[in-house]
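Here is my notebook from a first walk through this structure. Have a look at it yourself, then follow my entries.

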Amino acid sequence: MDITQLILDDHHEQRRLFAIIEQIDRSDTESLSAVWGRLAAFLEVHAAAEEAIFYPELLKVGIAARRKAGVEGETLDAIHDHNEIRDAVAEAARHSVGSDDWYAAVAGANLANGDHMAEEEREGLTDFRRLAGLQRRHDLAVAFAAFEARNVTGVEPVDKDPAAYVSQAEAGTLPASDGSLRIGDLRRA
């Protein structure tokens, strides 16, 4: 098991759920609500898992490999992207499911999420595979899967200041999340 593969698997599922929404008749608001509810919760749980587990570790291995500027930039951008996705999901919640405004907000979430996934797949995940050992990637995958399982019904969406997040992650002072990393010492490479 590898955290980078779990993240890629989540990305595939997100793309699939957006595609399903595009294929549901707009008058079938019950189905649209159900699929969108699942996707909206999934987007936030995935972002929260990345913020609690993946990005702090990307920063650690990047700094250890003397790639601080690169991984800091990737992380700043990712946290900013997560905020944009959260904002689009919140915008969708302000509109009646199936309305033009709702579809516009969902399209905004899809666009923000698609851009984020493409950048993450091209940069952060690639860097992490190069910089982190197999055991570390496995241990993080276990933590990531457990986080998502514990929070399958969703977590409270909270925008984060990207610069403050990076500072706290590098200092090891990120606020505790409801997804504990109780799997042992993840500091080893």
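**Entry 1: Arg86**

I began with Arg86, which counts as buried at 6% relative accessibility. For the record, buried means under 20% relative accessible area, exposed means over 50%, and partly exposed lies in between, with a 1.4 Å probe and protein chains only. The areas come from the Shrake-Rupley method with that 1.4 Å probe, and for residues only the protein chains shown count as cover.

A note on what I am reading: this is a predicted model, where local features need pLDDT of at least 70 and side-chain atom pairs count only at pLDDT 80 or more, while totals for chains, interfaces and linings use all residues. Residues are numbered from 1 along each chain as its sequence is written, and side-chain values use heavy atoms, with hydrogens and water left out.

I placed Arg86 in helix H3. Helices are DSSP runs of H or I with at least four residues, strands are runs of E with at least two, and both are numbered from the N terminus.

Which residues does Arg86 touch, not counting those up to four places away in sequence? I found Glu44, Ala47, Glu51, Pro157, Val158, Asp159 and Lys160. Contact here means heavy atoms within 4.5 Å. I also looked up Val158 by C-alpha atoms: Arg86 and Val158 are 72 residues apart along the chain and separated by 7.9 Å.

**Entry 2: Salt bridges**

Side chains of opposite charge can pair when their charged atoms come close. I counted a salt bridge when a side-chain nitrogen of Lys or Arg is within 4 Å of a carboxyl oxygen of Asp or Glu. How many salt bridges does a search of the whole structure find? It finds 13.

I looked at Arg86 again and saw that its side chain meets that of Glu44 in a salt bridge, at 2.8 Å from N to O. Glu44 lies in helix H2 and Arg86 in helix H3 (residues 68–93), so this pair ties together parts that are 42 residues apart in sequence. Both Glu44 and Arg86 are buried.

Next I turned to Asp100 and Arg26, whose salt bridge has its closest N and O atoms 2.7 Å apart. This pair links distant parts of the chain, 74 residues apart: Asp100 is in helix H4 (residues 100–122), and Arg26 is in the loop between helix H1 (3–23) and H2. Are these two buried or exposed? Asp100 counts as exposed at 58% relative accessibility, and Arg26 counts as partly exposed at 41%.

I noted one further pair, Glu91 and Arg94, whose side chains meet in a salt bridge at 3.0 Å, N to O. Glu91 is partly exposed at 30% relative accessibility, while Arg94 is exposed with a relative accessible area of 57%. I then found a network: salt bridges that share partners join Glu44, Glu51, Arg86 and Lys160.

**Entry 3: A patch of negative charge**

I found Glu84, Asp87, Asp115 and Asp159 gathered in a patch of negative charge on the surface. Patches are made of residues with over 30% relative accessible area and no salt bridge, and like charges are joined within 9 Å. Asp and Glu count as negative, and the place of each charge is taken as CG of Asp or CD of Glu.

Where is Asp159? I located Asp159 in the loop between helix H6 (134–150) and helix H7 (162–171). Asp159 is partly exposed, with a relative accessible area of 41%.

Leaving out residues up to four places away in sequence, Ile3 touches Ile53, Phe54, Phe128, Arg137, Leu140, Ala141 and Phe144. From Ile3 to Asp159, 156 residues along the chain, the C-alpha separation is 23 Å.

Thr75 lies in helix H3 and is also buried, at 0% relative accessibility. Leaving aside neighbours within four places in sequence, I found Thr75 in contact with Tyr55, Leu58, Leu59, Tyr165 and Val166.

Most residues other than glycine have a negative phi. I noted that Arg66 has a positive phi of about 60° although it is not a glycine. Arg66 lies in the loop between H2 and H3, and at 77% relative accessibility Arg66 counts as exposed.

Note on methods. Patches are made of residues with over 30% relative accessible area and no salt bridge: like charges are joined within 9 Å, nonpolar side chains (Val, Leu, Ile, Met, Phe, Trp, Tyr) within 5 Å.
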